[in-house]
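Please look through the following points with the structure open beside you. They are meant for someone who has not seen it before.

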Amino acid sequence: MKRLKNIGLFLFGTVLLLTGCRDDKFNIEPQMYDVSIQLSLPDNYSGGSPENTTVRLINIDNQLESEGVTDANGQYTFHRVTAGTYRLSAGKKYPAAEARSYGSTLVTDRDILQNRKVSLNYSQANITVTGNADLGKQTLKESLAGLLVIKELYYTGSRTPAGKAYWSDQFVEIFNNSDDTIYLDSLYIASVYGASGNSTATSPTPFASIQDSVFLDFVWMIPGSGKDHPLQPGKSIVIAQDGMNHRDDPNGNPNSIDLSHADWETFLYRPDKQRDIDFAEVPNLTEIFASMQSTFDWIFNSYGTGIVIYRNYQPDDVHFVPRPNDTKGRTLMVVPAKWVLDGVDALASADAGAYHRIPYSIDAGFVYCDGNFNLQSCRRKIEQDQDGRIILTDTNNSSEDFEVIPFPTPGTFN
């Protein structure tokens with residue numbers, strides 16, 4: 001009995017010890033920190049207030065988001081922030097008339113008549129939190145919604161009934177966000193050099209720190225003599241990789257979409273290797289530059305691509321640089337960022353922010369889908385409907401301006 005009693009006491013003590021260890025181990029809360037920022041209006045604003053600016057802090061690893069609004073001094077502090085890497089975005093809007101009364105230099109009489117709004121934004125990426133962090137005093141930057149914007153970017157591709165990857169149905173859609181007719185002659189559409197962040201074997205673009213230029217690996221142009229291709233307010237054009245009905249064509253994919261009514265397609269003529277198909281019903285864009293002449297189509301990375309549209313005002317300012325880590329002497333085309341009318345950076349995932357390719361003045365954020373070959377598409381949000389004319393959101397931050405939709409909608413919003 002004495003021996004059994006001692007064993008019982010030993011087991012009871014062991015349980016108490018383990019229970020104590022378990023409580024000590026699992027009741028420890030993660031360390032929490034404060035992240036603070038103070039925002040101010042642009043220097044040319046003599047009125048208005050940074051109060052009620054919405055501020056968002058997003059954890060890059062798990063996409064958990066905290067949101068708040070600034071006080072009368074433009075200050076806000078996020079409390080109970082865990083260690084990690086974050087990105088921050090902030091923004092508010094003023095009606096055009098109010099913004100001009102405060103000193104905005106962007107607003108015209110026409111903007112006021114159109115009831116347009118001025119966006120004030122700030123963005124910061126790759127914020128490492130390992131303790132209390134003060135991001136300092138930062139200035140909001142003003143912008144007006146672009147007159148020409150990228151409405152939809154479909155790059156993920158689809159899968160055939162046999163489960164094979166299919167990417168010939170990719171497209172870009174460009175929208176007239178103004179109330180005037182815009183002529184598209186000599187409008188340039190280009191893809192931006194850089195990996196999308198889907199693989200650790202590839203590195204971010206080495207040009208990320210150069211914010212006054214855009215590095216392009218493919219450039220196309222809408223042909224015309226100046227007024228051959230008008231685009232009415234609230235209308236769009238679809239630029240297809242291949243302008244065909246992908247669902248019905250023998251070369252296509254019945255799980256895909258119909259692009260036979262696209263306004264333009266890209267066609268690569270290669271005398272030594274003719275692999276692209278020219279669909280006669282859809283006119284071709286003019287090829288301006290291809291970094292890799294060996295390619296047989298304008299193929300987007302199915303994990304994400306960067307696209308810009310621009311006007312080439314001074315051809316002498318275009319220059320070329322070697323393509324990084326290239327042994328064949330290939331180059332990239334470089335244009336000034338100030339030429340760009342609109343751009344969107346699509347990356348592989350929420351935590352791929354280090355792979356951002358487009359200058360932050362063009363796109364302060366990025367959009368991402370849930371994978372590739374899943375038919376998901378990235379489409380710009382609707383800001384307002386003026387008597388049937390849609391106006392799209394444009395704050396130069398695709399994280400805020402775009403949404404991921406489950407199926408492409410070329411030429412429509414349905």
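Which cysteine sulfur is closest to that of Cys 378, and how far away is it? Point 1 takes up this question, and the remaining points turn to the sheet and the aromatic rings.

1. In this predicted model, the cysteine sulfur closest to that of Cys 378 belongs to Cys 369 and lies 3.7 Å away, which is too far for a bond. A disulfide is counted when two cysteine sulfur atoms are within 2.5 Å, and the structure holds zero disulfides. Both residues of this pair are buried, Cys 369 with a relative accessible area of 4% and Cys 378 with one of 1%.

2. An open sheet is built from six strands, which follow one another in the order S18-S17-S12-S9-S25-S28 with mixed pairing. Strand S18 (264–265) and strand S28 (402–405) are at the edges and have a single partner strand each, so one side of each remains without a neighbour in the sheet.

3. Across the whole structure, a search finds 15 aromatic pairs. One of them joins Phe 175 and Phe 413, whose ring centres are 6.2 Å apart and whose planes meet at 80°, so the pair is edge-to-face. Because Phe 175 belongs to strand S12 (residues 171–176) and Phe 413 to the segment after S28, this pair ties together parts that are 238 residues apart in sequence. Phe 175 is buried at 1% relative accessibility, whereas Phe 413 is partly exposed, with a relative accessible area of 23%.

4. Tyr 193 and Phe 207 form another edge-to-face pair, with ring centres 6.1 Å apart and planes at 65°. Both residues lie in the loop between strand S14 (187–192) and strand S15 (213–221), so the pair ties together parts that are 14 residues apart in sequence. Tyr 193, at 14% relative accessibility, counts as buried, and so does Phe 207, at 15%.

5. Two further details concern aromatic rings. Phe 218, Trp 220, Trp 298 and Phe 300 together make up one aromatic cluster.

Terms used:
Residues are numbered from 1 along each chain as its sequence is written. This is a predicted model: local features need pLDDT of at least 70, side-chain atom pairs count only at pLDDT 80 or more; totals for chains, interfaces and linings use all residues. Side-chain values use heavy atoms; hydrogens and water are left out. Two strands pair if DSSP finds at least two bridges between them. Helices (H or I, at least four residues) and strands (E, at least two) are DSSP runs, numbered from the N terminus. Rings of Phe, Tyr and Trp (its six-membered ring) pair if their centres lie within 6.5 Å; planes under 30 degrees apart count as stacked, over 60 as edge-to-face and the rest as tilted. Buried means under 20% relative accessible area, exposed over 50%, partly exposed in between (1.4 Å probe, protein chains only).
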